[in-house]
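Thanks for coming, everyone. Let me put the structure up, and then we will walk through it piece by piece.

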Amino acid sequence: MAGNDKRRGGVRKTNKKGMVVGSGGQRRRGLKGKGPTPKAEERVTHPAKKRADQRAKADQQRAKRQASAENAPELVAGRNPVVECVRAGVPATGLYVAQGIDVDDRVTEAVREAKNRGIPVLDVPRVELDRLTSNAMHQGLALQVPPFEYAHPGEVLTAAHDTGLPPLIVALDGVTDPRNLGAVIRSAAAFGAHGVVVPQRRSAGITAVAWRTSAGTAAKLPVAKAVNLTRTLKDYKEAGLMVIGLDADSDIISDELELATGPLVVVVGSEGRGLSRLVRETCDQTVSIPMSAGVESLNASVAAGVVLSEVARRRRIR
């Protein structure tokens with residue numbers, strides 16, 4: 001029978017209905033482009049990719065170390081700072097007392113208040129306290145405090161409104177010295193400010209040094225971290241606050257600060273660069289401090305204290 005497959009003894013079956021014309025689209029797909037050439041950093045085998053991966057890994061490790069440091073407890077060293085922190089109710093997890101030290105009223109008060117608050121009192125050798133405080137001038141006394149809990153900028157404004165007084169908030173722009181931060185917090189508390197705002201990046205944080213300089217007032221005054229200081233200032237402006245910045249080149253001096261009695265944000269810049277451009281542009285007004293000829297500038301914390309003192313004076317006589 002025609003069509004029989006003699007080798008298999010049956011009829012050969014096939015799906016082909018005739019010759020297929022063309023390549024089945026293979027040539028068309030072969031001519032299709034593969035898109036733009038990837039960047040060197042995106043090519044797996046390129047040296048630039050390896051360098052980019054190494055940089056990313058280093059950045060991750062650096063961020064991890066920074067986060068670990070921020071979450072580590074701090075030690076406030078020195079008799080006066082420790083007593084101030086204990087009096088202010090600074091949260092603490094331990095009081096270290098060097099063995100064999102001369103006990104005075106400050107040591108006695110610190111130990112008594114620590115026991116009353118349930119803070120463990122630990123007697124340690126002086127060499128151990130030297131190590132814990134990195135050889136700081138501890139005078140035989142150190143207080144361990146947990147990582148500082150920052151407020152949200154919105155919480156600072158809410159707390160200010162709750163007082164029934166015109167809000168007064170201090171913001172720091174580029175102040176990287178924790179001693180300046182601590183001093184500003186102390187001045188802010190002394191002159192009736194309702195809170196302090198610091199940027200999340202390129203700014204000092206509440207460390208043991210800041211705790212010591214603030215003399216414990218950081219426990220009484222909310223300190224907030226702003227992810228974007230300029231955005232936070234704009235939010236405050238939308239809430240009805242006026243924003244003034246301390247600027248040596250301003251034509252308005254602190255004696256002429258008419259905005260002092262209303263809702264106000266006082267922005268303090270760094271000693272070297274002053275206010276950043278974006279922050280200065282956000283301010284409703286800049287103000288300078290009248291000084292004698294030959295003096296270039298004041299310390300950031302001193303300048304903040306001078307202006308806050310003038311604000312407090314005007315509010316008292318309003």
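**Cores, a helix and salt bridges**

The largest nonpolar core has 59 residues, and those with the most contacts inside it are Leu95, Leu143, Val170, Leu172, Val196 and Val266. Helix H11 (residues 300-316) gives the largest share of this core, 6 residues. Domain 1 (74-145) and domain 2 (153-317) each supply at least three residues to this core.

A word on what you are looking at. This is a predicted model: local features need pLDDT of at least 70, side-chain atom pairs count only at pLDDT 80 or more, and totals for chains, interfaces and linings use all residues. Residues are numbered from 1 along each chain as its sequence is written, and side-chain values use heavy atoms, with hydrogens and water left out.

Now the terms. A nonpolar core is a set of buried Ala, Val, Leu, Ile, Met, Phe, Trp, Tyr and Cys residues joined through side-chain atoms within 4.5 Å. Buried means under 20% relative accessible area, exposed over 50%, partly exposed in between (1.4 Å probe, protein chains only). Helices (H or I, at least four residues) and strands (E, at least two) are DSSP runs, numbered from the N terminus. The domain bounds come from an automatic or database domain assignment.

What does leucine 95 contact, leaving aside its neighbours within four places in sequence? Its partners include Val82, Ala110, Val111, Ala114, Leu141 and Leu143, where contact means heavy atoms within 4.5 Å. Apart from this core lies another, of 18 residues, among them Ala224, Leu229, Leu241 and Val265.

Next, helix H4 (residues 105-116). H4 has 12 residues and reaches 16 Å from its first C-alpha to its last, close to the 16 Å expected at 1.5 Å a residue. That expected span is 1.5 Å times one less than the number of residues. Buried in H4 are Val107, Glu109, Ala110, Val111 and Ala114. The buried residues of H4 pack against H3, strand E4 (94-98), strand E5 (121-124) and strand E6 (141-145). After H4 comes glycine 118, with a positive phi near 80°.

Arginine 79 sits in helix H3 (residues 79-87). Is arginine 79 buried or exposed? Arginine 79 counts as buried because its relative accessibility is 10%. A polar atom of its side chain lies 2.8 Å from the backbone oxygen of glutamine 139. Not counting residues up to four places away in sequence, arginine 79 also touches Asp102, Asp104 and Val107, among others.

On to charges. The structure holds 13 salt bridges, each a side-chain nitrogen of Lys or Arg within 4 Å of a carboxyl oxygen of Asp or Glu. Arginine 87 pairs with glutamate 109, closest N and O atoms 2.7 Å apart. Arginine 87 is in helix H3 and glutamate 109 in helix H4, so the pair ties together parts 22 residues apart in sequence. Arginine 87 is exposed, at 55% relative accessibility. Glutamate 109 is buried, at 17%.

Another salt bridge joins aspartate 247 and arginine 280, at 3.1 Å between the closest N and O atoms. Aspartate 247 is in the loop between strand E10 (242-246) and strand E11 (264-269), and arginine 280 is in helix H10, 33 residues apart. Aspartate 247 is buried at 14%, while arginine 280 is partly exposed at 33%. Finally, salt bridges that share partners join Glu258, Glu310, Arg313 and Arg314 into one network.

Methods: A polar contact is a pair of N or O atoms within 3.5 Å; within protein, one must be able to donate a hydrogen and the other to accept it, and residues adjacent in sequence count only if both atoms are side-chain atoms.
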